[in-house]
Amino acid sequence: MEFDALIAKRRSVRSFKRKQVSWRDIIEAIDAARNIPLAGNDPTIRFLVTQDEEKIENIADFADQTWINEASIVVAVCSDDSMLEKQY
């Protein structure tokens, strides 16, 4: 698929079904995301995965995004920029 077509098909999902997601699919997606180019090739990102409803509710409240509460699993992508600040 051409890049322009890929961008044109992009969408933001804000409606979720409460169904079980395969851990294999989650791990494959995270593994693919780990291979993105990063500044200085420093691994500054971490992936936090939770199915805990209370934690998901806290994430939704903190992000001020109530639709997150509908998800059965949340993958939070976090970055520790302190290493980059030292390097650059």
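This is a short tour of a predicted model, moving from the whole chain to single residues.

**Whole chain**

Start with the protein chain in cartoon view. Along the principal axes, the C-alpha atoms fill a box of roughly 40 × 35 × 25 Å. Buried residues account for 16% of the 88 residues. Now consider contacts between residues at least 6 apart in sequence: 65% of these join residues at least 24 apart.

**The nonpolar core**

Next, select Ile56, Ala60, Ile68, Ala71 and Val74 and show their side chains. These five residues form the largest nonpolar core. As background, nonpolar side chains in soluble globular proteins tend to be buried together.

Keep Val74 selected and display its surroundings. Leaving aside residues up to four places away in sequence, Val74 touches Leu48, Val49, Thr50, Ile56, Ile59 and Ile68. Two of these contacts, Ile56 and Ile68, are also listed in the core.

**The largest pocket**

Switch to a surface view and look for the largest pocket, with a volume of about 350 Å³. To find its centre, select Phe16, Ala71, Ser72, Ile73 and Val74, which are the closest to that centre of the 15 lining residues. Then colour α3 (53-63) and β2 (74-79); each supplies at least two residues of the lining. By type, the lining divides into 11 nonpolar residues, two polar and two charged.

**Two stops in one loop**

Go now to Ser72, in the loop between α3 and β2. Is Ser72 buried or exposed? Its relative accessibility is 17%, and the cut-off for buried is under 20%, so Ser72 counts as buried. Apart from residues up to four places away in sequence, Ser72 touches Arg18, Lys19, Val21, Thr50, Gln51 and Ile56. Ser72 is also among the residues closest to the centre of the largest pocket.

Finish at Asp64, which is likewise found in the loop between α3 and β2. With a relative accessible area of 64%, Asp64 is exposed. Check its backbone as well: phi of Asp64 is near 55°, a positive value in a residue other than glycine. Most residues other than glycine have a negative phi.

Conventions:
Residues are numbered from 1 along each chain as its sequence is written. This is a predicted model: local features need pLDDT of at least 70, side-chain atom pairs count only at pLDDT 80 or more; totals for chains, interfaces and linings use all residues. Side-chain values use heavy atoms; hydrogens and water are left out. A nonpolar core is a set of buried Ala, Val, Leu, Ile, Met, Phe, Trp, Tyr and Cys residues joined through side-chain atoms within 4.5 Å. Buried means under 20% relative accessible area, exposed over 50%, partly exposed in between (1.4 Å probe, protein chains only). Contact means heavy atoms within 4.5 Å. On a 1 Å grid over the protein atoms alone, a cavity is a set of points where a 1.4 Å probe fits but cannot get out, and a pocket is an open set with protein on both sides within 12 Å along at least five of seven lines; lining residues have an atom within 4 Å of a point. Grid points are joined across faces, edges and corners, and a volume is the space filled by probe spheres set on the points. Helices (H or I, at least four residues) and strands (E, at least two) are DSSP runs, numbered from the N terminus. Ala, Val, Leu, Ile, Met, Phe, Trp, Tyr, Cys and Pro count as nonpolar, Asp, Glu, Lys and Arg as charged, and the others, Gly among them, as polar.
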